[in-house]
Amino acid sequence: MYLLELGGEDDAFAAREAASAAADVRRIAPGLATANAIVPERVRGLTYTHRASELLGRTDADLASAGALLETAPIDRKGSVAVRATDIHGSSGVSTEQAERELGQILVDRGFTVDLEEPDHLLRAAFSAGPLETGGLTADAETGDLFETVGTDPRSEHASVCALGWLAAESVRDFGARAPTDKPFFQPGSMDPLLARAVANVAGACPGATVLDPMCGTGGVLVEAGLVGADVIGTDAQAKMVGGARKNLAHFLETGDPSPVGVPRGAWHVGRGDATRLPIADDAVDGVVFDAPYGRQSKIETHRLEDLVSGALAEARRVAPRAVMVADRSWASEARDAGWELEAAFERRVHRSLTRYVLVLER
């Protein structure tokens, strides 16, 4: 069993992304989840899971309980250790410095030596208390429309958890190096690399997979998918975007070094095309991701927005078994009409005037 330390403001979305690198992910407290198994190299590429640790045990979110757990837990390791404690969102009130000292002393009493710089083993102690929300964006069975239930679901439970685990893998936090404004080609409204990586992961980006973005824009999602090892294909109706995406993909993917997460960078191809008429064979890719144009009254080239989105959803279903759609509205009805099943839906607040909806679709 593994402990996952989640990040961001939406644990449900973080857990859904974590499922691309772990099996049977279950949230146990705010900011914490468990999994039955992990793929360490995939964990390194996650956005909203910061760490995965081999779970030693869990108890209540107080230091006395944590100490009692560590004193009695079976440990089959030897060598040097360090303890790192975190109080998630400051929710438990536990002093992390005191926790590190007291838990470290228990390990010394059990025969370990302390090495704070390069320990053989690093024990994570995560304390969390608060409501374990079971809500989220829910799809109406009749209409397919989405409604918000986070914080209002009567099934929400109060959790008080301290989880101890031996660090097994950490995500690589290099997203600041790919801020949209710092890329060779930039356009306002470009998706930030954290969300781009997350939706690429949910779509199945990994070594050996092929991911398509039929409305690729500046290529941000394709860059992130390529950096976790997927081969990527992009199309866009605008020649300007095609040229810009090529610059960005060449800059980040055409190097001889492995990506920061430790896997070979994916191959890429970008061409001009219509998302409603893709020049791609049936079932040719493993996942589709696209960020739909925003604005209910928009017209894009020769398409009305509604026609563009409906056509893109139909084409995505033809070429892949899974799609992840990002937009400023749910588009759940159109997805259903295109033959998709809505596996999950999330709401990502960007700023006061923009909320992004993320739909996870399965064929």
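Which residue in β8 stands opposite serine 80? I opened the notebook with this pairing, keeping in mind that the model is predicted, and I found that threonine 113 is the residue of β8 that faces serine 80.

**Entry on β7 and β8.** I then looked up the pairing as a whole and noted that β7 (residues 80-87) and β8 (residues 113-114) run parallel to each other, joined over 2 bridges.

**Entry on β7 and β9.** I turned next to strand β9 (residues 121-132), which is parallel to β7 and is joined to β7 by 7 bridges. For one position I wrote down the partner by name: arginine 84 is bridged to arginine 124 in β9. I also checked the burial of β7, where 6 of the 8 residues are buried, so the strand is largely enclosed by the rest of the structure.

**Entry on α6.** Is helix α6 (residues 220-227) mostly covered or mostly open? I found the helix mostly covered, with 8 of its 8 residues buried, and the buried residues include Val221, Leu222 and Val223, as well as Glu224. To see what surrounds α6, I listed the elements against which its buried residues pack: the helices α5 (193-202) and α7 (239-253), together with the strands β13 (210-213), β14 (231-236), β15 (268-272) and β16 (287-291). Last, I looked past the end of the helix and noted that glycine 229, which follows α6, has a positive phi near 105 degrees.

Key: Residues numbered from 1 in each chain as written. Predicted model: local features only at pLDDT ≥ 70, side-chain atom pairs only at ≥ 80, totals over all residues. Heavy atoms only, no water. Buried < 20%, exposed > 50% of the residue type's maximum accessible area, 1.4 Å probe, protein only. Helix = DSSP H or I, 4+ residues; strand = E, 2+ residues; numbered from the N terminus. Contact = heavy atoms within 4.5 Å. Pairing = 2+ DSSP bridges.
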